[in-house]
Amino acid sequence: MTTVAPELTDKVTDGGAHPLDAVFYPQSVAVCGVVPTPDTVPYDIFRNILDSGFTGTLYPVAPFKRNIHSVRAYRYVVDIPDPVDLAVIVYPANVVDKALAQCGQKGVKAVIVISAGFREVGPKGALREQRIKEICAEHGIAMIGPNCLGVINTDPKSRLNASFARKMPEAGRIGFLSQSGALCTAVLDFARDKAIGFSKFVSFGNKAGVTEVDLLTYLHEDDQTDVILLYLEEITDGRALVEVARRVTRGPNAKPILAMKSGRTPQGARAAASHTGSLAGQDAVADAIFRESGILRVDSIEELFDAAILYAYQPMPEGNRVAIVTNAGGPGVMATDAAVGLGLGVGGFEQNTSEKLKASLPAAANIKNPVDVIGDARSDRYNAALAAVLEDPNVDQALVILTPQSMTDIDAIAEGIIEVHESATKPIVCSFMGAADVASGIQKLQRAHIPHYILPEWACHAMAQVQRIRQWRELPEDRPEALPVDREAAAAILDAAPAGHLPEDQALAVLKAYGLPVPAFLRACSEEEAVACAEEIGYPAVLRLVSREVVHKTEIGGVALDLADADAVRLAFGRMTARFAEARPDAEPVGVLVRGMIASGNEVILGAERDPAFGPVLMFGLGGLYVELFRDVTFAMAPISLARARRMVRDVKAGKLLYGLRGQPPSDIAGVEESLVRLGQLLLDFHRILELDVNPLIARPVEAGGNAVADVGIRLAEAQA
Amino acid sequence: MATVEDRVKVVTGRILGVDPGEIRPEHSFTFDLGAESVQSIELVAAFEVEFGIEMDEDEALAVETVGSAVEFIAKVCREQGVEVEE
């Protein structure tokens with residue numbers, strides 16, 4: 001699903017080009033609202049396009065100006081005699097709608113609205129933004145922005161710098177998409193310092209038109225881009241993002257997506273009635289769902305580029321085994337610790353390699369992995385060691401560590417690595433530890449696109465990220481499966497229920513219709529009815545208060561366990577109703593639910609809710625009273641497959657309990673997995689369900705009776721008319 | 001006495017380098033006449049001098065078109081007891 005205006009998805013431009021080609025490869029650009037004053041946004045954007053070597057034609061639109069910087073100016077975009085593919089709008093926000101209406105009249109295909117003063121300033125700005133969205137939709141114009149830095153394309157076929165960044169970046173294979181314009185300028189400066197180049201660089205601002213989903217789709221097909229970096233502040237259409245991410249990161253023409261998402265949690269302030277609601281802050285949900293969509297989430301700009309440069313400039317390793325070559329023992333051990341901790345292998349070499357190392361290194365050198373060429377090593381030892389380890393079949397990649405001793409010929413070592421790299425088929429990463437003395441060597445490595453990291457641990461992090469990319473691609477395709485359920489039985493209850501919390505007996509009946517393991521239960525409205533129900537179900541019995549208005553029953557004594565006989569039931573019923581009347585004189589109890597005691601087991605929570613960005617989301621983890629204290633939970637977007645449910649169980653510590661600890665037999669894990677799939681189906685089938693908690697599900701071995709739902713809460717929205 | 005509109009056009013023409021004869025009431029200062037943000041502030045100051053009035057800067061800068069400026073200035077003149085030909 002694309003969020004580019006529907007008119008655009010069907011629009012065929014010259015040669016059947018993609019609508020966003022007008023953004024990245026325009027034949028002509030009009031900068032609307034230019035002024036002749038340097039060091040202003042409008043002027044600087046115009047000069048940037050002019051100075052970057054743009055291959056097309058540039059038109060400044062500046063009322064009552066004959067020219068801007070010697071280029072003939074026009075009063076309005078409609079006055080330009082030639083077709084205009086792209087308009088860059090730099091007018092103040094209050095007149096952008098006029099400019100866009102003229103662009104529509106002119107037949108402009110795409111616009112970049114640099115102007116601020118829209119949704120980000122409040123309701124008045126939001127109305128303005130809605131208006132410009134409508135104008136663009138009416139004319140089939142692709143809009144980037146508003147409130148953005150602009151767009152850069154380093155492809156020599158375009159060389160477009162339609163932004164107010166200070167300089168055009170170097171050309172490279174990395175595509176960068178950002179929701180923050182200010183961050184973009186810092187990233188460009190950071191990248192320049194490290195000789196990192198970009199293919200396309202987009203600040204998409206308020207994403208009122210073109211979103212990250214459209215841009216990811218575009219970069220997937222872009223032959224100049226190998227890896228995509230993404231910075232997001234908010235996720236508006238999480239499902240579309242996940243769908244495109246899965247497509248981009250796997251299959252033919254797969255490209256990794258590395259993303260930073262700032263932790264704005266509008267849901268944080270939401271009063272959540274359910275455990276799921278209170279645990280499912282958007283950040284936690286996004287984190288889990290990103291993992292399952294192929295998006296590698298990182299926590300810093302440094303981390304973003306650390307992995308990107310390794311992926312973009314080095315071959316993909318065939319496995320996770322690293323050979324470390326170092327002239328200092330301590331950093332070599334630190335690197336080994338970091339590598340192993342991150343899931344990389346630091347194994348041994350074959351005999352042939354050991355012999356080569358022995359022949360080329362002094363007796364004091366360590367020829368096992370990590371290879372220590374010792375402190376007085378010069379480039380000859382480094383070259384020999386690196387070449388030998390790269391040829392070893394037990395090695396997939398090499399990490400070269402250097403500490404600057406007085407005799408270390410840093411530049412020569414860098415040049416040697418570059419020379420080895422030219423014929424290497426395995427990736428090489430470096431860590432020249434230090435700053436001043438190693439600066440020129442580092443520069444040489446960066447210019448040759450050999451990834452460099454100040455600390456070996458950072459190099460290991462980057463290598464581990466690339467492993468995740470490789471492992472993600474090797475995961476089998478995951479197709480959610482629909483299990484047989486009694487939809488009609490659930491509908492009979494849910495369609496008739498008012499908004500708010502469903503009484504427990506009805507909620508259990510809904511779960512039972514969807515195949516969850518619900519123990520037998522009956523409802524009673526009086527003391528004698530409760531006894532009759534207990535006699536029928538069997539002792540020991542459990543009474544649970546049923547009231548639409550009470551969600552957490554334990555807190556008001558609304559649960560009585562282990563009732564051995566009729567007298568115990570009578571006593572419990574009396575106490576429960578008295579306590580309820582005292583605690584909630586305003587609420588009306590509906591009665592009590594009677595069931596048998598469930599034998600003890602592992603308490604897990606299965607939850608579901610409708611996330612504003614991702615839609616129906618499932619939760620699984622350690623359950624019980626302290627679920628919000630321990631927060632040992634994970635999330636997935638419904639619908640899920642059994643394989644995905646299996647991964648959810650494994651992702652949390654609670655999963656280990658289910659597999660059996662200290663000689664305990666395993667629980668019915670397959671049953672838990674199936675229950676998760678079924679809950680996902682329930683949430684997709686019934687849109688009125690806002691939140692759902694099964695807490696706890698008592699997970700037990702199959703031979704001990706299997707799993708049982710001990711408590712459930714379902715909250716419904718108003719019925720649609 | 002020249003009207004408020006005529007005087008607004010003369011001042012605008014002077015600040016923005018535009019022939020007053022080409023200025024229309026429906027023209028936006030930025031979109032149609034090319035005013036930069038610093039010129040918008042200059043215009044406010046120039047109108048104050050021309051009419052001998054004091055305007056609230058935020059309110060004045062929120063005025064978008066020549067016609068709205070004429071109305072706004074006329075209103076301020078009335079409030080401040082400055083005689084003008086409307």
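User: How many residues of chain A are in contact with chain B, and how many residues of chain B are involved?
Analyst: This is a predicted model. By class, chain A brings eight nonpolar, three polar and two charged residues to the side that touches chain B. The contact pairs eleven residues of chain B with residues of chain A, which number 13.

User: What average pLDDT does chain A have, and which stretch is below 50?
Analyst: For chain A, 95% of the residues score at least 70, and the average pLDDT is 91.

User: What share of the residues in chain A is buried?
Analyst: The C-alpha trace of chain A spans about 95 × 80 × 40 Å along its principal axes. The chain has 721 residues, and its secondary structure comes to 25 helices and 29 strands. A residue counts as buried if 20 or more other C-beta atoms lie within 10 Å of its own. The buried share of chain A is 51%.

User: How many Å separate the centres of domain 1 and domain 4 of chain A?
Analyst: Domain 2 (315-474) and domain 3 (520-597) are also part of the division of chain A. Taken over C-alpha atoms, the centres of domain 1 of chain A and domain 4 of chain A are separated by 40 Å.

User: Are α7(A) and α8(A) roughly parallel or roughly antiparallel to each other?
Analyst: Helix α7 of chain A (residues 212-221) packs on α8(A) with the axes 9 Å apart and an angle of about 10°. Angles under 35 degrees count as roughly parallel. The two helices, α7(A) and α8(A), are therefore roughly parallel.

User: Which residues of α7(A) meet α8(A)?
Analyst: By class, the contact of α7(A) with α8(A) has seven nonpolar, two polar and two charged residues. From α8(A) come A240(A), L241(A), V244(A), A245(A), R247(A) and V248(A). Those of α7(A) are E212(A), V213(A), L216(A), T217(A) and H220(A).

Definitions and conventions:
Residues are numbered from 1 along each chain as its sequence is written. Chains are lettered from A and ligands numbered from 1 in the order in which they are written. This is a predicted model: local features need pLDDT of at least 70, side-chain atom pairs count only at pLDDT 80 or more; totals for chains, interfaces and linings use all residues. Two residues are in contact if their C-beta atoms, placed from the backbone, lie within 7 Å. Ala, Val, Leu, Ile, Met, Phe, Trp, Tyr, Cys and Pro count as nonpolar, Asp, Glu, Lys and Arg as charged, and the others, Gly among them, as polar. Domain bounds come from an automatic or database domain assignment. pLDDT is the predictor's confidence in each residue, from 0 to 100. Helices (H or I, at least four residues) and strands (E, at least two) are DSSP runs, numbered from the N terminus. A residue is buried if 20 or more other C-beta atoms lie within 10 Å of its own, exposed if 12 or fewer, and partly exposed in between; C-beta atoms are placed from the backbone. Axes are lines fitted to C-alpha atoms, for helices over the stretch in contact, and angles run from 0 to 180 degrees between N-to-C directions. Angles under 35 degrees count as roughly parallel, over 145 as roughly antiparallel, 65 to 115 as roughly perpendicular and the rest as oblique.
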